[in-house]
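Work through the exercises below with the sequence and the structure open. Try each task before reading its solution.

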Amino acid sequence: MRRLARALSVALLAAAPVGAQTPAPAPPATPTRAEIAAIQREIQRAWIAPQGAAEVRALEVDLRVALDADGFVVAVATVDQARKARDPAFRRAADSAEAAVRNASPLPVPRDKASFFKQFVLRFEPPRQVN
């Protein structure tokens, strides 16, 4: 058995082209639905409805978020800056979503998946019921 395994690894090494680079590192572990839901809950809890909340209630905002290994927010910005500049309702929604992410820091990021959350895009959806 060992002889077969050794022969296979030698065959694989021999098949690699000379001067080939080492394989790319494995992609980061993907978070589970429960882990994503926990992050979303923390952000929802930190969200403060802006004035005119009835008009921002239906707006979804994509945010580019960067976290450190402990889940602290390093940066957050709205992806669609052009729409944010021209649409007052979207700007209110985006500003409140960015603030919610900052206020929820640190986010509950599993230590073994911190590299996945180093930089990612998050879709913020305000609660449908706004008081």
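A residue is called buried when its relative accessible area is under 20%, exposed when it is over 50%, and partly exposed in between (1.4 Å probe, protein chains only). The model is predicted: local features need pLDDT of at least 70, side-chain atom pairs count only at pLDDT 80 or more, and totals for chains, interfaces and linings use all residues. Residues are numbered from 1 along each chain as its sequence is written, and side-chain values use heavy atoms, with hydrogens and water left out.

**Exercise 1. Describe the make-up of the protein.**

Step 1. Helices (H or I, at least four residues) and strands (E, at least two) are DSSP runs, numbered from the N terminus. The protein has 5 helices and 3 strands.

Step 2. Along the sequence these elements follow the pattern α-α-α-β-β-α-α-β.

Step 3. Of the 131 residues in the protein, 32% are buried.

Step 4. A contact means heavy atoms within 4.5 Å. Among contacts between residues at least 6 apart in sequence, 75% join residues at least 24 apart.

**Exercise 2. Work out the strand order of the sheet and find its edges.**

Step 1. Two strands pair if DSSP finds at least two bridges between them. Strand E1 (residues 61–67) and strand E2 (residues 73–78) are antiparallel and share 5 bridges. E1 and E3 are also antiparallel, joined by 6 bridges.

Step 2. The 3 strands therefore make an open sheet in the order E2-E1-E3, with antiparallel pairing. E2 and strand E3 (119–124) each have a single partner strand, so they stand at the edges and one side of each lacks a neighbour in the sheet. Neighbouring strands are turned by 25° against each other on average, direction ignored; the axes are lines fitted to C-alpha atoms, for helices over the stretch in contact, and angles run from 0 to 180 degrees between N-to-C directions.

Step 3. Check individual partners. Arginine 64 stands opposite alanine 77 in E2, and leucine 67 has valine 73 in E2 as its bridge partner. On the E3 side, valine 65 is partnered by phenylalanine 120 and alanine 66 by glutamine 119.

**Exercise 3. Is glutamate 98 buried or exposed?**

Step 1. Glutamate 98 is in helix H5 (residues 88–103).

Step 2. Its relative accessibility is 8%, so glutamate 98 counts as buried.

Step 3. Beyond its neighbours within four places in sequence, glutamate 98 is in contact with Leu63, Val76, Ala77, Thr78 and Lys84.

**Exercise 4. Find the aromatic pairs and classify two of them.**

Step 1. Rings of Phe, Tyr and Trp (its six-membered ring) pair if their centres lie within 6.5 Å; planes under 30 degrees apart count as stacked, over 60 as edge-to-face and the rest as tilted. The whole structure holds 3 aromatic pairs.

Step 2. The ring centres of tryptophan 47 and phenylalanine 124 are 5.9 Å apart with planes at 50°, so this pair is tilted. Tryptophan 47 lies in the loop between H2 and helix H3 (53–56) and phenylalanine 124 in strand E3, so the pair ties together parts 77 residues apart in sequence. Both tryptophan 47 and phenylalanine 124 are buried.

Step 3. Phenylalanine 117 and phenylalanine 120 form an edge-to-face pair, 5.2 Å centre to centre with 85° between the planes. Phenylalanine 117 is buried at 3% relative accessibility, and phenylalanine 120 is buried at 13%.

Step 4. Ring pairs also link Phe116, Phe117 and Phe120 into a cluster.
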